[in-house]
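This briefing goes through one protein model by topic. Please keep the sequence and the coordinates open while reading.

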Amino acid sequence: MFGYGLVPGARGHGYATEALGGLVAFCRSHAEVRTMVADTETGNAPSQRVLDKTGFALVKEEGGLYFYRQDVTES
């Protein structure tokens, strides 16, 4: 599970997308990783955009949260 937070002055510059993208690439480079999951509060649109941009798919909404998943397929 990944977590992040940015101070207001750092928001909107793509830092979270770049960082999460790097972690996703790292996870994808390890054969042991099969699935990555994430969640965010339903009102947190910036984090939802970060997850969308880094390849996560929304799979369900429950209890004020959106749950995301990214499967790692063998190439």
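Is Asp-71 buried, partly exposed or exposed? With a relative accessible area of 40%, Asp-71 is partly exposed. The model is a predicted one. Its secondary structure amounts to two helices and three strands, which follow one another from the N terminus as α-β-α-β-β.

**Overall layout**

- The C-alpha trace spans about 40 × 30 × 15 Å along its principal axes.
- The protein has 75 residues, of which 24% count as buried.
- Among contacts with a separation of 6 or more, 53% are between residues 24 or more positions apart.

**Salt bridges**

- There are two salt bridges in the structure.
- In one of them, the side chains of Arg-69 and Asp-71 meet at 2.7 Å, N to O.
- Arg-69 is partly exposed, at 38% relative accessibility, and Asp-71 is partly exposed as well, at 40%.
- Glu-62 and Lys-60 form a salt bridge, and their closest N and O atoms are 3.4 Å apart.
- Both of these residues are partly exposed: Glu-62 has a relative accessible area of 47%, and Lys-60 has one of 40%.

**Helix 1**

- Helix 1 covers residues 15–28, 14 residues in total. From its first C-alpha to its last it reaches 20 Å, close to the 20 Å expected at 1.5 Å a residue.
- Its buried residues are Ala-16, Leu-20, Val-24 and Cys-27.
- Viewed down the axis of helix 1, these buried residues fall within an arc of 65°, so they line one face of the helix.

**Leu-20, a buried residue of helix 1**

- Leu-20 lies in helix 1 and has a relative accessible area of 4%; it is buried because this value is under 20%.
- Not counting residues up to four places away in sequence, Leu-20 touches Phe-2, Val-50, Leu-51, Thr-54 and Phe-56.
- Leu-20 and Met-36 are 16 residues apart in sequence, and their C-alpha atoms are 11 Å apart in space.

- The three strands form an open sheet in the order 1-3-2, with antiparallel pairing.
- Strand 1 and strand 2 (57–62) are the edge strands, each pairing on one side only.
- From one strand to the next, the twist averages 25°.
- In general, strands of a sheet pair through backbone hydrogen bonds, either parallel or antiparallel.
- Strand 1 and strand 3 run antiparallel and are joined by seven bridges. Across this pair, Glu-41 stands opposite Leu-65 in strand 3.
- Strand 2 and strand 3 also run antiparallel, joined by five bridges. Lys-60, the salt-bridge partner of Glu-62, stands opposite Phe-67 in strand 3.
- Helix 2 lies across strand 1 and strand 3, and runs at about 160° to strand 1.

**Strand 1 and Thr-40**

- Which residues make up the covered face of strand 1, and which the uncovered one? Met-36, Ala-38 and Thr-40 form the covered face, whereas Thr-35, Val-37, Asp-39 and Glu-41 form the uncovered face.
- The general rule behind such a pattern is that in a regular strand the side chains alternate between the two faces of the sheet.
- Thr-40 lies in strand 1 and has a relative accessibility of 6%; it counts as buried because this is under 20%.
- Leaving aside neighbours within four places in sequence, Thr-40 is in contact with Ser-47, Gln-48, Leu-51, Gly-64, Leu-65, Tyr-66 and Tyr-68.

Terms used:
Residues numbered from 1 in each chain as written. Predicted model: local features only at pLDDT ≥ 70, side-chain atom pairs only at ≥ 80, totals over all residues. Heavy atoms only, no water. Salt bridge = Lys/Arg side-chain N within 4 Å of Asp/Glu carboxyl O. Buried < 20%, exposed > 50% of the residue type's maximum accessible area, 1.4 Å probe, protein only. Helix = DSSP H or I, 4+ residues; strand = E, 2+ residues; numbered from the N terminus. Expected span 1.5 Å × (residues − 1). Arc of directions from axis to C-beta. Pairing = 2+ DSSP bridges. Axes fitted to C-alpha atoms, helices over the stretch in contact; angles between N-to-C directions. Contact = heavy atoms within 4.5 Å.
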